[in-house]
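Colleague: I want to learn how to read contacts and pockets in a model. Can you take me through one?

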Amino acid sequence: LIGPDMQPLTGAMRLEEANILPGNTLTAVIAAIDLPSQPAEDSAPVQEDPLVVKDVGHGIFLKTNQSIFDAHMLKIDVLDSWSGLKDPSSLEKAFPSGHVVLSHLIRLHPEDVTFLLPVEVEMPTCVGAATVWRSSTRGWAPVEDATFGDGRVTVKLDHFCDMAVTGQCHVKAVG
């Protein structure tokens with residue numbers, strides 16, 4: 001198994017759920033298993049909080065611990081237009097020159113909740129994607145630790161908001 005940092009996972013693990021999605025994408029729920037060298041006779045059982053990956057549609061995945069999913073009923077809405085965004089005019093003003101939206105416009109729920117553990121959001125982008133933007137009470141701001149690769153972007157969030165990805169459009173005329 002390969003972890004989110006593209007390094008092999010080590011140690012004992014238990015496969016709790018596996019799904020094959022369109023395009024032959026495998027998603028899995030795994031839980032680390034601690035193997036004590038000598039079992040303690042009077043120790044209480046360890047409560048596991050497995051890492052879970054959920055496909056929420058439109059090629060978007062959420063990854064966090066099961067306890068976060070259970071406590072907050074995480075959800076994503078893909079918005080049909082800019083009008084559904086919070087303060088869309090300030091987003092457009094925040095773009096660097098020449099940037100256009102190169103992803104779905106999404107709203108992540110619940111808003112106004114800070115998670116105890118981060119939630120990883122992975123979504124498809126177009127070629128040229130360079131900046132992830134998130135809404136806040138002060139307008140729109142770039143997400144500093146976004147990871148881009150293979151037509152996708154991944155960000156870790158401690159609270160939800162509206163989100164969009166921008167970059168230079170790389171459309172070439174054919175013919």
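Modeller: Start with accessibility. Buried means under 20% relative accessible area, exposed means over 50%, and partly exposed lies in between. This is a predicted model. Glu111, with a relative accessible area of 23%, is therefore partly exposed.

Colleague: Is Arg107 buried or exposed?

Modeller: Arg107 counts as buried, because its relative accessibility is 15%.

Colleague: How should I read a salt bridge?

Modeller: Side chains of opposite charge can pair when their charged atoms come close. The structure holds 6 salt bridges. Arg107 takes part in one with Glu111, where the closest N and O atoms are 4.0 Å apart.

Colleague: Which residues are linked in a network of salt bridges?

Modeller: Lys86, Arg107, Glu111 and Asp162.

Colleague: What about Glu122?

Modeller: Glu122 forms a salt bridge with Arg152, and the closest N and O atoms are 2.4 Å apart. Here strand E8 supplies Glu122 and strand E12 supplies Arg152, 30 residues apart. Glu122 is partly exposed at 24%. Arg152 is partly exposed at 21%.

Colleague: Now rings. How many aromatic pairs does the structure hold?

Modeller: It holds 3. Read each pair by centre distance and plane angle. Phe95 and Trp133 are tilted, at 6.3 Å centre to centre with 40 degrees between the planes. Phe95 lies in the loop between helix H2 and strand E6, and Trp133 in strand E9, so the pair ties together parts 38 residues apart in sequence. Both Phe95 and Trp133 are buried.

Modeller: Compare the pair of Phe115 and Phe160. It is edge-to-face, with 4.9 Å between centres and 75 degrees between planes. Phe115 sits in strand E8 and Phe160 in the loop between strands E12 and E13, 45 residues apart. Phe115 and Phe160 are both buried.

Colleague: Which residues form one aromatic cluster?

Modeller: Trp82, Phe95 and Trp133.

Colleague: And a charge over a ring?

Modeller: Look at Lys54. Its charged end sits over the ring of Phe69, 4.9 Å from the ring centre.

Colleague: Last, the pocket. What volume does the second largest pocket have?

Modeller: About 180 Å³. Its lining residues divide into 2 nonpolar, 4 polar and 4 charged. Among them are Lys86, Glu111 and Phe160.

How values were computed. Residues are numbered from 1 along each chain as its sequence is written. This is a predicted model: local features need pLDDT of at least 70, side-chain atom pairs count only at pLDDT 80 or more; totals for chains, interfaces and linings use all residues. Side-chain values use heavy atoms; hydrogens and water are left out. On a 1 Å grid over the protein atoms alone, a cavity is a set of points where a 1.4 Å probe fits but cannot get out, and a pocket is an open set with protein on both sides within 12 Å along at least five of seven lines; lining residues have an atom within 4 Å of a point. Grid points are joined across faces, edges and corners, and a volume is the space filled by probe spheres set on the points. Ala, Val, Leu, Ile, Met, Phe, Trp, Tyr, Cys and Pro count as nonpolar, Asp, Glu, Lys and Arg as charged, and the others, Gly among them, as polar. Rings of Phe, Tyr and Trp (its six-membered ring) pair if their centres lie within 6.5 Å; planes under 30 degrees apart count as stacked, over 60 as edge-to-face and the rest as tilted. Helices (H or I, at least four residues) and strands (E, at least two) are DSSP runs, numbered from the N terminus. Buried means under 20% relative accessible area, exposed over 50%, partly exposed in between (1.4 Å probe, protein chains only). A charge sits over a ring if NZ of Lys or CZ of Arg is within 6 Å of the ring centre and within 35 degrees of the ring normal. A salt bridge is a side-chain nitrogen of Lys or Arg within 4 Å of a carboxyl oxygen of Asp or Glu.
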